[in-house]
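Hello,

Here is the structure I promised to pass on. My notes on it follow below.

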2 protein chains.
Amino acid sequence: MSDHLVAGLEPPYFTVVFTSLMREDPSGYGETAARMQELVEQVPGFLGYESARTPGGIGITVGYFRDEEAIAAWRRNLEHQDAQRRGRADWYERYSVHVGRVERSYGFDRG
Amino acid sequence: MSDHLVAGLEPPYFTVVFTSLMREDPSGYGETAARMQELVEQVPGFLGYESARTPGGIGITVGYFRDEEAIAAWRRNLEHQDAQRRGRADWYERYSVHVGRVERSYGFDRG
C-alpha cells in the first residue's frame, strides 16, 4: 500500500482506476501485490499510484500513466497477466477498471 | 462510505478521482460527507461513487459523471463549495483531484 499522495502531475496523463471487493481469505495476495508494485515501477511512463482499502469493504487503487503506450506495456507484462488470472481465480469477488484521460487536475497542500 | 461497486457504466463517462490525507481530528467531517452524498445524488448526470479509506492512511473517492456539464453542476453547488472551503480550513492535510474522460472500462464479477 502507498501511504503518500502522488504530486506534481502535469496533464495530459491517464488514470487507471481499479476498484475491487476481495474474498474473505485472499491467501498469497500480499506477496503478489508487492511484486506488482515492484514491476509496475519499471514501466516507462508509469507515474505513480495510490491505494486505499476500507477494512471489510472496497479497495481502490489509482495508477497514473503518461500515455496509452505505458498502459499497454503494463498490460503486456506476463507476470502481471498471471497475477490478473490469479486475482479472478482466487482473490476478487468483483472488480472494475476505468481508464481515463486526464485533461485537468488540481490540489491542495497545507504545506 | 459506499460499500458496493458501481456497475454497468457505458463509456463515454467521466471519473473524478479525489485522493486525500486527512488531519488527525476531522470534527464535523462525517455529517458533511453524508450531506454531500445526499446532494450529489440529485445532480443530473451523476452516475454513482465509490470510496475507500485505509485507517491512518489515504482516502480515495471516485465519482462517476455522464459528462462535463454534470461535473460543472456539482462544482457550482453552493453547499458543496462551502464544504470544500471547510475541507481546506479544517479537515485535509492534502488532496488531489483528477478529472478523466473514460473511453474504456471492463470488469469481473464472480456472480
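How many residue pairs are in polar contact across the interface of chain A and chain B? The rule finds 24, with both residues of each pair at pLDDT 80 or more. A polar contact here is a pair of N or O atoms within 3.5 Å; within protein, one must be able to donate a hydrogen and the other to accept it, and residues adjacent in sequence count only if both atoms are side-chain atoms.

The side of chain A that touches chain B draws two or more residues from each of strand E1 (13-22), strand E2 (46-53), strand E3 (58-65), helix H2 (68-76), helix H3 (78-91) and strand E4 (92-109) of chain A. Helices (H or I, at least four residues) and strands (E, at least two) are DSSP runs, numbered from the N terminus. E4(A) gives the largest share of that side, 18 residues. By class, the side holds 23 nonpolar, 14 polar and 15 charged residues; Ala, Val, Leu, Ile, Met, Phe, Trp, Tyr, Cys and Pro count as nonpolar, Asp, Glu, Lys and Arg as charged, and the others, Gly among them, as polar.

Before the rest, the conventions. This is a predicted model, in which local features need pLDDT of at least 70, side-chain atom pairs count only at pLDDT 80 or more, and totals for chains, interfaces and linings use all residues. Residues are numbered from 1 along each chain as its sequence is written, chains are lettered from A and ligands numbered from 1 in the order in which they are written, and side-chain values use heavy atoms, with hydrogens and water left out.

On extent, 52 residues of chain A are in contact (heavy atoms within 4.5 Å) with 52 residues of chain B. The two chains bury about 4200 Å² between them, 55% of it on carbon and sulfur atoms; this is the accessible area (1.4 Å probe) lost on being put together, summed over both.

E4(A) pairs with strand E4 (residues 92-109) of chain B in the antiparallel sense over 15 bridges, where pairing takes at least two DSSP bridges. In this pairing A:Ser105 stands opposite B:His98.

Between chain A and chain B there are 4 salt bridges (a side-chain nitrogen of Lys or Arg within 4 Å of a carboxyl oxygen of Asp or Glu). A:Arg104 forms a salt bridge with B:Glu68, with the closest N and O atoms 3.1 Å apart.

As for symmetry, a rotation of 180 degrees with 0.0 Å of shift along its axis superposes chain A on chain B (RMSD 0.0 Å). That is the relation of a two-fold axis.

Regards

Key
Copies are superposed by least squares on the C-alpha atoms of residues with pLDDT of at least 70 in both.
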